[in-house]
Amino acid sequence: MNAYNFAFLDEQTKRMIRRAILKAVAIPGYQVPFGSREMPLSYGWGTGGVQVTASVIGPDDVLKVIDQGADDTTNAVSIRRFFERTTGVRTTTRTDAASLIQTRHRIPETPLAAGQIVVFQVPIPEPLRWLEPRETETRKMHALEEYGVMHVRLYEDITRHGHVETAYDYPVLVNGRYIMRPSPIPKFDNPKLDRNPALLLFGAGREKRIYAVPPFTSVRSLDFEDHPFTIEHWDQTCALCGAADVFMDEIVVDDKGGRMFVCSDTDFCERRRGR
Amino acid sequence: MYVAVKGGERAIANAHRLLAEERRGDPSVPELSLTQIDQQLGLAVDRVMIEGSLYDRELAALAIKQARGDLIEAIFLARAYRTTLPRFGATQPIDTDGMAIRRRVSATFKDVPGGQILGATFDYTHRLLDFGLVDGHGATPPGEADSDAGHVAADLPALEGRMPRVIDILDRDGLIEPEEPDSDRRAVGDLTREPVDFPAGRDVRLQSLARADEGFVLALGYATQRGYGRNHPFAGEIRVGEVEVELVPEELGFPITIGEITVTECQMVNQFKGSATAPPQFTRGYGLVFGHAERKAMTMALVDRALRCRELGETPTSPAQDEEFVLYHGDNVEASGFVQHLKLPHHVDFQSELVLIRTLRAEAEARAR
């Protein structure tokens with residue numbers, strides 16, 4: 001791959017993206033438009049995350065890539081190989097050994113540390129999109145902090161169903177100012193966003209937006225005093241490592257309704273099993 | 001004992017091998033050459049160049065071959081290659097007045113200065129399968145046309161090597177809205193470098209339409225004809241041919257020709273009833289694409305006109321008049337990627353939904369008891 005620059009993107013493009021990232025860090029939760037490039041992988045498969053990773057990765061980084069919490073899902077393998085080929089950096093499956101983690105749909109169970117960067121792949125960055133399809137309108141709503149519709153929606157869910165009907169990509173308020181989509185992570189992972197010591201970067205390639213949660217920033221999942229935010233809970237423990245209080249994958253083991261539950265975070269599970 | 005599925009890496013490598021095998025097909029059948037694709041599937045090459053925003057017949061042919069004839073996949077390959085190319089500068093606007101015309105028709109006047117030139121077209125062919133082509137001897141042998149190259153009517157007086165646009169005839173009489181060129185200093189928008197901002201300029205809209213999926217633009221343009229944003233179009237002129245591309249190198253300060261490209265241009269003439277400030281006059285819709293692609297250029301012009309509704313004081317009522325709708329959804333590489341990303345695992349989100357729906361059902365059952 002000598003015909004391509006380190007990490008595929010040319011240096012000017014990386015600078016443009018890093019400027020967008022700096023702006024995003026300066027205004028936590030604000031969606032910064034950026035000149036998203038056409039990447040050699042499909043839109044919807046992590047083009048935003050890949051561009052963010054490509055612009056911050058250096059030769060000394062150690063990269064971990066996960067999808068659904070696992071290092072060995074096909075798209076995680078594919079993205080990890082892309083960076084192995086274009087940068088030659090070391091890769092790892094260990095959360096605590098990685099300096100840079102690109103993820104789709106999960107935050108690792110192992111607590112993150114200061115100095116680490118997590119890059120989230122974002123399909124739809126706009127938290128108000130299902131309430132207002134127009135970008136011109138939603139940008140105005142953010143600018144004016146006009147978030148009433150979101151609270152009304154949550155309220156209506158509770159009055160109709162007794163619960164907020166959002167299980168993943170649950171909206172959060174960042175630094176007391178911007179409502180943000182945390183990307184389609186399960187709401188189980190939302191509490192990990194709050195005052196996290198790592199730098200959390202979000203890249204949406206097709207929608208051409210970057211946003212960020214800087215280390216130790218307040219991130220509050222939207223709720224009401226009398227209906228506090230709750231996360232998923234399983235009665236079972238992990239069938240492989242025995243962990244409780246982790247996010248579980250439900251595995252269908254036969255055609256008679258048999259189920260088993262295992263950790264979604266494969267690295268966490270393997271290390272508990274002492275491998 | 002359950003063991004988590006491993007081996008994504010091996011599965012991917014095997015998938016690539018199988019794909020290569022299917023692409024090649026039966027090895028006893030001779031392999032397609034890029035020249036064959038370029039020469040005999042030229043309109044497919046044109047479409048890949050148009051929607052791939054990359055004028056290079058050989059690369060487009062390669063993309064078609066690699067994509068097994070899936071043109072949207074080929075367009076994606078062309079785009080992903082194009083994105084890494086350095087930008088040396090912007091060319092001068094092309095001058096379609098100076099086009100070496102291959103085909104030129106106007107529906108608004110019976111005859112026009114320079115004449116109507118039918119050229120090579122599917123129009124007026126009877127769509128009967130030509131079984132002669134099975135073994136390479138079609139019903140119509142290829143060959144040069146008569147010396148007047150398909151002119152429908154006799155040439156009007158000499159035009160000094162220029163082929164004026166039909167629409168300029170209306171312009172001279174003030175019957176159509178004037179169109180002033182932008183200042184040379186104004187940078188032309190490029191949505192492949194800067195994210196689209198709304199309201200988008202007409203330059204960005206036209207760029208977006210030129211790159212947009214032909215089927216998407218065709219459906220929108222067609223919808224305007226059926227009343228969803230009707231704008232009463234006439235095909236003022238459609239022309240196909242070669243134009244020179246000029247660049248002003250900074251160190252020279254004057255334009256030099258760097259090559260020649262084939263383009264299809266469509267000027268639509270649309271009715272306009274006038275407003276409080278403007279008298280009734282015709283308005284314009286514009287389409288321009290690489291290669292020979294009349295259907296795309298025409299429908300592009302219809303949608304361009306529809307998207308000008310606000311500027312002309314018309315109330316937008318239909319998708320074709322909705323800038324955000326058209327610009328956000330016309331790109332087939334974006335659309336194809338996002339639709340197909342549903343194939344990626346979503347079992348974490350799905351598990352969250354399962355937990356929620358089980359909770360809601362348990363509560364509903366408890367209430368029922």
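This passage describes the fold of chain B and the side of chain B that touches chain A.

The model is predicted: local features need pLDDT of at least 70 and side-chain atom pairs count only at pLDDT 80 or more, whereas totals for chains, interfaces and linings use all residues. Residues are numbered from 1 along each chain as its sequence is written, and chains are lettered from A, with ligands numbered from 1, in the order in which they are written.

Chain B contains 12 helices and four strands, where helices (H or I, at least four residues) and strands (E, at least two) are DSSP runs numbered from the N terminus. Along the principal axes, the C-alpha atoms of chain B fill a box of roughly 90 × 65 × 55 Å. Of its 369 residues, 31% count as buried; a residue is buried if 20 or more other C-beta atoms lie within 10 Å of its own, exposed if 12 or fewer, and partly exposed in between, with C-beta atoms placed from the backbone. Among contacts in chain B between residues at least 6 apart in sequence, 65% join residues at least 24 apart, a contact being two residues whose C-beta atoms, placed from the backbone, lie within 7 Å.

Chain B has an open sheet of four strands in the order E1-E2-E3-E4, with antiparallel pairing; two strands pair if DSSP finds at least two bridges between them. Strand E1 (100-105) and strand E4 (283-290) of chain B are the edge strands, each pairing on one side only. From one strand to the next, the twist averages 20°. Strand E3 (residues 256-270) of chain B pairs with E4(B) over eight bridges, and B:Gln267 stands opposite B:Tyr286 in E4(B).

Helix H9 (residues 294-307) of chain B lies across strand E2 (233-247), E3 and E4 of chain B, running at about 145° to E4(B). Here axes are lines fitted to C-alpha atoms, for helices over the stretch in contact, and angles run from 0 to 180 degrees between N-to-C directions. H9(B) also meets H7(B): their axes come within 10 Å and cross at roughly 145°. This crossing of H7(B) and H9(B) is right-handed, the near helix being turned clockwise from the far one by less than a right angle (anticlockwise for left-handed). In this contact, B:Arg205, B:Leu206, B:Leu209 and B:Ala210 in H7(B) meet B:Met300, B:Val303, B:Asp304 and B:Leu307 in H9(B).

Helix H7 (residues 202-211) of chain B has eight of its 10 residues buried, so it is largely enclosed by the rest of the structure. The cover over these buried residues includes helix H3 (42-51), helix H8 (214-225), E4, H9 and helix H10 (323-329) of chain B.

Another helix pair brings together H5(B) and H11(B), which pack at an angle of about 110° with their axes 9 Å apart. The two helices are therefore roughly perpendicular to each other, a term for angles of 65 to 115 degrees, with under 35 degrees counting as roughly parallel, over 145 as roughly antiparallel and the rest as oblique. The crossing of H5(B) and H11(B) is left-handed. B:Ile72, B:Ile75, B:Phe76 and B:Arg79 of H5(B) make the contact with B:Asn332, B:Val333 and B:Ser336 of H11(B).

Turning to the interface, 36 residues of chain B are in contact with 49 residues of chain A. Helix H1 (8-24), helix H5 (71-82), helix H11 (332-340) and helix H12 (347-368) of chain B each give two or more residues to this side. H12(B) provides the largest share, 12 residues.
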